Amino acid sequence: MLNVLWAGMLIVGIFWGILTRQASALTDGILQGASDSVTLCLTMLGVLSMWSGFLKIAENSGLLTALSHHLSPLLRLLFPGLPKDHPVNGYLSTNILANVLGLGWAATPAGLRAMKELVALNPRTDGTASRDMCTFLILNISSLQLLPVSILAYRQQYQSVSPEIILGPAILATLASTLAGILFARTAAILERK
């Protein structure tokens, strides 16, 4: 469905550019967009490679185990069905801490590893997501951020007068969405047991 939507918007945009005699601006926009997308892909490849390497070093050095130990009370509350000393706890901890610090792109490798481990722990064999998988997804979507590094960097890059002015509203918005997500996950868990 999204492919149809994107294709429709693209076709309408091209026809509108031709009808309004903006063909040169249309061509410039297409070429600039293609250039920007390649640059973004290469940048993200580098960033994801670096953080995946850091994740592997943290895993081999025992840092993930230490992080999961400190976050274990929170993880027990959010994911009561997980084994206590399972490697998934380290990945969950890393993902949560990276998201809290506003490093969503750094949270991606740990999130992918955590979800892979949650799939392996899923007692359901029919392809249905477990409660822990759903809770993790909700937690990632809500994404509590104390410092939205990416947004601050973008605002600084585009010469915002006060890039930090968004900190208060961003913290309140992500706190509200995270609390709503946790409340929803816990309510769903209680209703599932009944």
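Leu-77 is exposed, because its relative accessible area is 53% and the cut-off for exposed is over 50%. This residue sits in helix 4, which covers residues 72–78. Keep in mind that the whole structure is a predicted model. Now look from Leu-77 to Arg-186. The two are 109 residues apart in sequence. In space, their C-alpha atoms are 9.3 Å apart.

Next, find Thr-135. Thr-135 is part of helix 7, which spans residues 131–142. Is Thr-135 buried or exposed? Thr-135 counts as buried, because its relative accessibility is 8% and buried means under 20%. Which residues does Thr-135 touch, once those up to four places away in sequence are set aside? They are Leu-78, Phe-79 and Ala-185.

Move to Ser-130. Ser-130 lies in the loop between helix 6 and helix 7. Ser-130 is buried too, with a relative accessible area of 10%. A polar atom of the Ser-130 side chain lies 3.2 Å from the backbone nitrogen of Met-133. Leaving out residues up to four places away in sequence, Ser-130 touches Asn-122, Pro-123 and Arg-124.

Now follow the chain back to a pair of helices. Helix 5 runs over residues 88–100. Helix 6 runs over residues 104–121. Their axes come within 8 Å. They cross at roughly 150 degrees. How are the two helices oriented to each other? They are roughly antiparallel, because angles over 145 degrees count that way. The crossing of helix 5 past helix 6 is left-handed.

Which residues make this contact? From helix 5 come Val-88, Tyr-91, Leu-92, Thr-94, Asn-95, Ala-98 and Asn-99. On the helix 6 side, the partners include Gly-104, Ala-106, Ala-107, Ala-110 and Gly-111. Also among them are Arg-113, Ala-114, Glu-117, Leu-118 and Leu-121. Sorted by class, the contact has 10 nonpolar, five polar and two charged residues.

Finally, turn to Arg-21. Where is Arg-21 placed? Arg-21 is in the loop between helix 1, residues 2–19, and helix 2, residues 23–61. Its phi angle is near 60 degrees. That is a positive value in a residue other than glycine. Arg-21 is exposed, with a relative accessible area of 78%.

Notes
Residues numbered from 1 in each chain as written. Predicted model: local features only at pLDDT ≥ 70, side-chain atom pairs only at ≥ 80, totals over all residues. Heavy atoms only, no water. Axes fitted to C-alpha atoms, helices over the stretch in contact; angles between N-to-C directions. Helix = DSSP H or I, 4+ residues; strand = E, 2+ residues; numbered from the N terminus. Parallel < 35°, antiparallel > 145°, perpendicular 65-115°, else oblique. Left-handed = near helix turned anticlockwise from the far one by under 90°. Contact = heavy atoms within 4.5 Å. Nonpolar A, V, L, I, M, F, W, Y, C, P; charged D, E, K, R; others polar. Buried < 20%, exposed > 50% of the residue type's maximum accessible area, 1.4 Å probe, protein only. Polar contact = N/O pair within 3.5 Å; in protein donor to acceptor, adjacent residues only side chain to side chain.
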